[in-house]
Amino acid sequence: MHIPILLGTTRTGNQSSKVAAFLQQQLRTMEDMTTEVLNLGEAHFPMLEERIRKVEDLPPLLQQWVHTFRQADGIIIVTPEYKNSLPGSLKNFLDLLPAGAFHYTPIGIASVTSGALGGINALAHLRLISLSLKGMPIPDRFMVSHVQDAFDEQGQPVSEKLMPQSDKFLRELVKYAKAFRAIN
Ligand SMILES: Cc1cc2nc3c(=O)[nH]c(=O)nc-3n(C[C@H](O)[C@H](O)[C@H](O)COP(=O)(O)O)c2cc1C
């Protein structure tokens, strides 16, 4: 099973990368599982100027990521909350994707904030957007509030709650991934 993790921010020094790294580490402990982090901040995708089907020269990395999504059994998107929503850079990337890029793929969303509310607005908006790409957002989610204090130097969670919460989130995602395999 392959579950890539899309890190959905281009902000230098972002905290969300800690959550992506933690989930990657957790996935790697699971049997028959491979994963990778697709870091939006390193991809330098262009701002959308035209719908993708009309563009002749797609950036090779974008083609590669589209292929990765097509092959994936599930996708995790880690999003911070910016201005009560997901980052504009993540929305721009999702707008660049071809129609149906998440076809029949369960989408697990991890939302991240420095405040107390855990990114509920970004989570809700991203669920809706995932549907437009024919992704299947799962009911479980992984919300990390006070992210700046949530992990130690080794990237391990400080709060006792994060480990069981991430475990449940990932197990649920795998359950959906297995179920959706049958129709893919
Ligand atoms: C442009 C911008 C807007 C933000 N807006 C919100 C917000 O609406 N709600 C919130 O809880 N945190 C907000 N934050 C703070 C983020 O939760 C905080 O930066 C956190 O570390 C996650 O983002 P990061 O991965 O970029 O570090 C905002 C941060 C930025 C850079």
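I take two strands as paired if DSSP finds at least two bridges between them. Helices (H or I, at least four residues) and strands (E, at least two) are DSSP runs, numbered from the N terminus.

Ground rules: I am working on a predicted model, where local features need pLDDT of at least 70, side-chain atom pairs count only at pLDDT 80 or more, and totals for chains, interfaces and linings use all residues. Residues are numbered from 1 along each chain as its sequence is written, and side-chain values use heavy atoms, with hydrogens and water left out.

Sheet. I looked up β1 (residues 5–7) and found it paired with β3 (residues 75–80) in the parallel sense, over 3 bridges. Isoleucine 5 has isoleucine 76 of β3 opposite. I then traced the open sheet: 5 strands, parallel pairing, order β2-β1-β3-β4-β5. β2 (37–39) and β5 (136–144) are the edges; each has a single partner strand, so one side of each lacks a neighbour in the sheet.

Ligand. I listed 13 residues around the ligand (a heavy atom within 4 Å); the closest are Arg11, Gln15, Ser16, Tyr82 and Lys83. I sorted this shell into 4 nonpolar, 6 polar and 3 charged residues, with Ala, Val, Leu, Ile, Met, Phe, Trp, Tyr, Cys and Pro as nonpolar, Asp, Glu, Lys and Arg as charged, and the others, Gly among them, as polar.

I checked N and O pairs within 3.5 Å. A polar side-chain atom of serine 16 is 2.5 Å from a ligand oxygen atom. A polar backbone atom of lysine 83 lies 2.8 Å from a ligand nitrogen atom, and a backbone N or O atom of asparagine 84 is 2.8 Å from a ligand oxygen atom.

Technical notes: A polar contact is a pair of N or O atoms within 3.5 Å; within protein, one must be able to donate a hydrogen and the other to accept it, and residues adjacent in sequence count only if both atoms are side-chain atoms.
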